[in-house]
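My notebook is open, and I am going through this model one topic at a time. Please follow along with the coordinates on your screen.

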Amino acid sequence: MRMRIAFTSGLLLMLLAAVPCSASDSNSTKGSGGSVTLEPVVVTAEKRAQDAQSIPAGITVMDRGDIEDMKIDAIRDLADHVPNMDYHDFGSRRHGLLFMRGIKSLPGGQAGTGFTLDGLSYSKAYMFMGLPLFDVERIEVLRGAQGTLYGRNTTGGVINIHTADPGNEFASGTSVTYGNYGNKELRANVSGPLVQDKLYLGLYALAADEDSYMTNDVDTGGDGGRHKEGLAGRAKLMFTPGEDWETTLTIDGQQHDDGSFPLKRTVRNSYVKAGKYAADGLYHYSHDFESTEDTDTWNVNLNTKVDTGIGSVQSTTGYQNYRCTESIDADMSPDDALRKRMLLSDKDLSQEFRLASPEGSD
């Protein structure tokens, strides 16, 4: 036993000793004497460009390579890679439950964790829980209360998403995903200059479809429960009339149907207790009609930044339009006894002005 422990410890030490060698191959430079210096990770978590090491807060940063390698396509995927973060999917994008350092964000209430997309803040948890993430350049997750800088609804922390900007070089790409249960997804993007060094445009789109892995034991002639299909897109127009002036207009939206919300009978159901119906089996339910959850959102973000002699002046104007319609078989049985229909509509208009001292000043 001691020999085994000693061998294992020695192997771990050898692996740890090899880490600097592998780190020197990417994002690092060699200094004098052969020492290795890692490139700084620049973030804007405190609303100015800083080295991540200088921020006095718990922070997780993911760049484009990390996001692609980890297959982070939605907020729920972050929970697998961010410490102190947990996410529970209760059957639809609106009903997701997010925890950050034990602080929860209720689907129908105020958020406990803040969320920003290209500087635009989302005030309600259900507005960003199911937001698809595509062509994301960087994700910054601040853990712990951030109310001093970000305001209310940030007790657990803040999730900052930064999407790709168009530039002077023409770029395009497509990706196709196919999996079990008929899972299909198509992503495409194209970006480039409209006027060299002045005006740039980026277009980004996503289409997804997935069959159900649950079976309705009642024949309704519709799609199975948890059938999902949707579209999402983003247009980003960037204007840089001078070195000290940058304006970006972003318009994005999504249309998504999450299918049947998977309410099913368990042994605690009143029908089961009365002996009228048995409990539903695993991945089975029995609705007399196919439920739906249709989500339609679109957002506008106008962001302008001007560098002056006293610092940078920035304006962020946002408009968010969210609409969700749920139709649910609430009695969870073949009987047409109880139906629930819910319409949720939310429109937010926000304006933020910010003056930041010049970089490097006190």
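**Ground rules**

I note that this is a predicted model, so local features need pLDDT of at least 70 and side-chain atom pairs count only at pLDDT 80 or more, while totals for chains, interfaces and linings use all residues. Residues are numbered from 1 along each chain as its sequence is written, and side-chain values use heavy atoms, with hydrogens and water left out.

**Entry 1: salt bridges**

I stayed with Arg-354 and looked up its partner. Glu-352 forms a salt bridge with Arg-354, with 2.9 Å between the closest N and O atoms (a side-chain nitrogen of Lys or Arg within 4 Å of a carboxyl oxygen of Asp or Glu). Glu-352 is partly exposed, because its relative accessible area is 26%. The structure holds 15 salt bridges.

Next I checked Asp-73, which pairs with Arg-187 at 3.0 Å between the closest N and O atoms. This pair links distant parts of the chain, 114 residues apart: Asp-73 sits in the loop between α2 and α3, and Arg-187 in strand β14. My helices are DSSP runs of H or I with at least four residues, my strands are E runs of at least two, and both are numbered from the N terminus. Asp-73 counts as partly exposed because its relative accessibility is 30%, whereas Arg-187 counts as buried because its value is 15%.

I then turned to Arg-265 and Asp-280, whose side chains meet in a salt bridge at 3.3 Å, N to O. They lie 15 residues apart, Arg-265 in the loop between β18 and α5 (270-274) and Asp-280 in the loop between α5 and β19 (284-285). Arg-265 is buried, because its relative accessible area is 6%. Asp-280 counts as buried too, at 12% relative accessibility.

I also found a network of salt bridges that links Arg-64, Glu-68, Asp-135 and Glu-137.

**Entry 2: the second largest pocket**

Asp-73 and Arg-187 came up again when I looked at open space. The second largest pocket has a volume of about 1100 Å³. I count 45 residues in its lining, and those closest to its centre are Asp-73, Leu-133, Glu-185, Arg-187 and Leu-206. On the 1 Å grid over the protein atoms alone, a pocket is an open set of points with protein on both sides within 12 Å along at least five of seven lines, a cavity is a set where a 1.4 Å probe fits but cannot get out, and lining residues have an atom within 4 Å of a point. Grid points are joined across faces, edges and corners, and a volume is the space filled by probe spheres set on the points.

Elements that each supply at least two residues to this lining include α2 (64-69), α3 (75-78), β14 and β15 (199-210). By class I get 17 nonpolar, 11 polar and 17 charged residues (Ala, Val, Leu, Ile, Met, Phe, Trp, Tyr, Cys and Pro are nonpolar, Asp, Glu, Lys and Arg charged, and the others, Gly among them, polar).

**Entry 3: cavities**

How many cavities of 30 Å³ or more does the structure hold? I find five. The largest cavity contains about 120 Å³ of space. Its lining has 16 residues, and Leu-131, Pro-132, Phe-134, Arg-234 and Asp-252 are the closest to its centre. β12 (157-163), β17 (228-242), β18 (245-257) and β20 (292-308) each give at least two residues to the lining. I sort the lining into eight nonpolar, six polar and two charged residues.

**Entry 4: a nonpolar patch**

On the surface I marked Leu-194, Val-195, Leu-237, Leu-249, Ile-251 and Leu-302 as a nonpolar patch with about 460 Å² of accessible area together. Patch residues have over 30% relative accessible area and no salt bridge; like charges are joined within 9 Å, and nonpolar side chains (Val, Leu, Ile, Met, Phe, Trp, Tyr) within 5 Å. The areas come from the Shrake-Rupley method with a 1.4 Å probe, and for residues only the protein chains shown count as cover. Leu-302 belongs to strand β20 and counts as partly exposed because its relative accessibility is 36%.

**Entry 5: a loop residue**

Last, I looked up Phe-128, in the loop between β10 (120-124) and β11 (136-143). Phe-128 counts as buried because its relative accessibility is 0%.

Technical notes. Buried < 20%, exposed > 50% of the residue type's maximum accessible area, 1.4 Å probe, protein only.
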